[in-house]
Amino acid sequence: MTEKRFIPVAAPVFAGNEKKYVMDCLETTWISSKGKYVTQFEESFAAFCGVKHAMLCSSGTTALHLGLLALGVGPGDEVILPTLTFVSTANAVMYCGATPVFVDSLPDTWNLDPAQLAAKITPRTKAIIVVHLYGLPCDMDAVQAIADAHHVPVLEDAAEAHGAVYQGQRAGALGKVGMFSFYGNKTITTGEGGMVTTGEDDLAEQVRLLRGQGQDPNRRYWFPVIGYNYRLTNIQAAIGLAQLEQADFHLGARRDVYRWYREELAGVDELVWQTVADGIEPTYWMVSVVLGDNVQMERDAVMAALRERGIETRPLFYPIHTLPPYHDPARHGSLPVAERLAARGINLPTWAGLTRDDVRYISQSLLACIR
Ligand SMILES: Cc1ncc(COP(=O)(O)O)c(C=O)c1O
């Protein structure tokens with residue numbers, strides 16, 4: 001008997017003041033990109049990450065673009081990044097006119113392989129972008145040691161890692177610049193939105209200048225540089241502030257969901273999980289599994305079978321070096337770990353509204369498919 005239920009892979013949960021704050025924007029007419037919620041959300045988010053500055057912008061992608069521009073990335077530069085990430089990480093490099101250089105993944109954490117990173121640094125390397133994939137912080141100590149040896153700044157793509165902890169520090173405070181996405185499926189959401197974080201005053205100033213059309217803050221309609229309109233509205237910031245006030249709930253609910261999956265699927269040797277090293281507390285943005293060699297069924301067939309049971313999933317990202325705009329085997333070669341993970345990996349439903357019963361149903365359905 002097929003059950004008539006539908007479990008989305010992600011959904012936002014509004015458990016706090018979202019509606020109240022949005023109504024306040026409407027009632028006070030502060031609906032554009034100035035207003036108290038923009039300021040409060042920025043200040044609260046900076047405190048949440050443990051950084052001096054947080055600058056709201058229109059998306060995670062524009063946050064990446066602003067972060068790279070603030071670091072001075074431009075034509076002729078190379079930027080090293082993992083291939084196993086969402087396409088924006090590389091697109092933002094292209095927006096700057098720079099060249100992305102892709103690095104393979106580690107088989108255990110699925111994050112960037114520091115040894116390959118070291119091998120790919122050249123005199124043209126202007127920045128390194130690390131990604132905390134699916135909310136699991138990467139090996140920052142190893143990356144930072146290489147970056148320091150070559151005097152190259154590290155930009156953290158923490159789009160998926162709100163609140164994740166590495167050696168006592170939160171994502172967004174680990175590199176020279178950090179960025180977050182508040183897209184609707186993220187741990188903290190504003191619908192669409194992003195944030196740049198940094199501890200450095202001059203970088204913060206650059207980001208603020210560039211996101212607001214490049215206008216001199218002390219001289220209206222005077223534009224010393226070509227900037228962008230990458231601002232976020234007070235309405236969206238109002239939602240973000242309300243979400244952030246409930247951060248413990250959102251992070252805790254996702255930790256529960258992860259624990260339930262691990263309990264329901266304990267001892268299942270057909271599934272491989274991201275390895276979490278000591279000193280790391282992931283965010284569990286997307287609980288993900290890779291099908292082992294002992295699973296006969298193709299990944300896409302497993303996803304289709306789950307869909308039949310009303311369970312929405314996602315494939316792991318296609319490695320960016322395999323996507324048409326970036327496909328250049330002579331340049332990138334093969335990055336086999338990422339390619340294999342991507343071909344066999346599935347994101348399972350992960351969001352704060354899932355119940356233990358949902359997770360049991362998903363886990364039992366997955367087992368029924370792969371065994
Ligand atoms: C790793 C990573 N970087 C960047 C982004 C881009 O964020 P946005 O969709 O808000 O532009 C995403 C998100 O969706 C992401 O997962």
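**Reading burial, salt bridges and a surface patch**

Student: Is Leu354 buried or exposed?

Tutor: Leu354 is buried, with a relative accessible area of 5%, where buried means under 20%, exposed over 50% and partly exposed in between (1.4 Å probe, protein chains only). Please bear in mind that this is a predicted model, in which local features need pLDDT of at least 70 and side-chain atom pairs count only at pLDDT 80 or more, while totals for chains, interfaces and linings use all residues. Residues are numbered from 1 along each chain as its sequence is written, and side-chain values use heavy atoms, with hydrogens and water left out.

Student: Where is Leu354 found, and which residues is Leu354 in contact with, leaving aside neighbours within four places in sequence?

Tutor: Leu354 is found in the loop between strand S14 (345-347) and helix H13 (356-370); helices (H or I, at least four residues) and strands (E, at least two) are DSSP runs, numbered from the N terminus. Once the neighbours within four places in sequence are set aside, Leu354 is in contact (heavy atoms within 4.5 Å) with Ile7, Val257, Trp260, Tyr261 and Pro349. By comparison of positions, the C-alpha atoms of Leu354 and Thr61 are separated by 28 Å, and these two residues are 293 residues apart along the chain.

Student: How many salt bridges does a search of the whole structure find?

Tutor: A salt bridge is a side-chain nitrogen of Lys or Arg within 4 Å of a carboxyl oxygen of Asp or Glu, and the search of the whole structure finds 17 of them. One of them joins Arg211 to Glu42, with the closest N and O atoms 2.9 Å apart. This pair links distant parts of the chain, 169 residues apart, since Arg211 lies in helix H7 (residues 201-211) and Glu42 in helix H2 (residues 36-49). Arg211 is buried at a relative accessible area of 14%, and Glu42 also counts as buried at 11%.

Student: Which residue does Glu264 meet in a salt bridge?

Tutor: The side chain of Glu264 meets that of Arg356, at 3.1 Å from N to O. Because Glu264 lies in helix H9 and Arg356 in helix H13, the pair ties together parts that are 92 residues apart in sequence. Arg356 is partly exposed, with a relative accessible area of 25%. Both residues belong to a network of salt bridges that links Asp256, Arg259, Glu263, Glu264, Arg356 and Arg360.

Student: What salt bridge does Glu270 form?

Tutor: Glu270 pairs with Arg371, the closest N and O atoms being 3.0 Å apart. Glu270 lies in the loop between H9 and strand S10 (271-272) and Arg371 in the segment after H13, so this pair ties together parts that are 101 residues apart in sequence. Glu270 counts as buried at 10% relative accessibility, whereas Arg371 is exposed at 60%.

Student: Which residues form a nonpolar patch on the surface?

Tutor: A patch is made of residues with over 30% relative accessible area and no salt bridge, like charges being joined within 9 Å and nonpolar side chains (Val, Leu, Ile, Met, Phe, Trp, Tyr) within 5 Å. Here Met23, Leu26 and Ile31 form the nonpolar patch, with about 260 Å² of accessible area together, computed by the Shrake-Rupley method with a 1.4 Å probe, where for residues only the protein chains shown count as cover. Leu26 lies in helix H1 (residues 18-28) and is partly exposed, with a relative accessible area of 47%.
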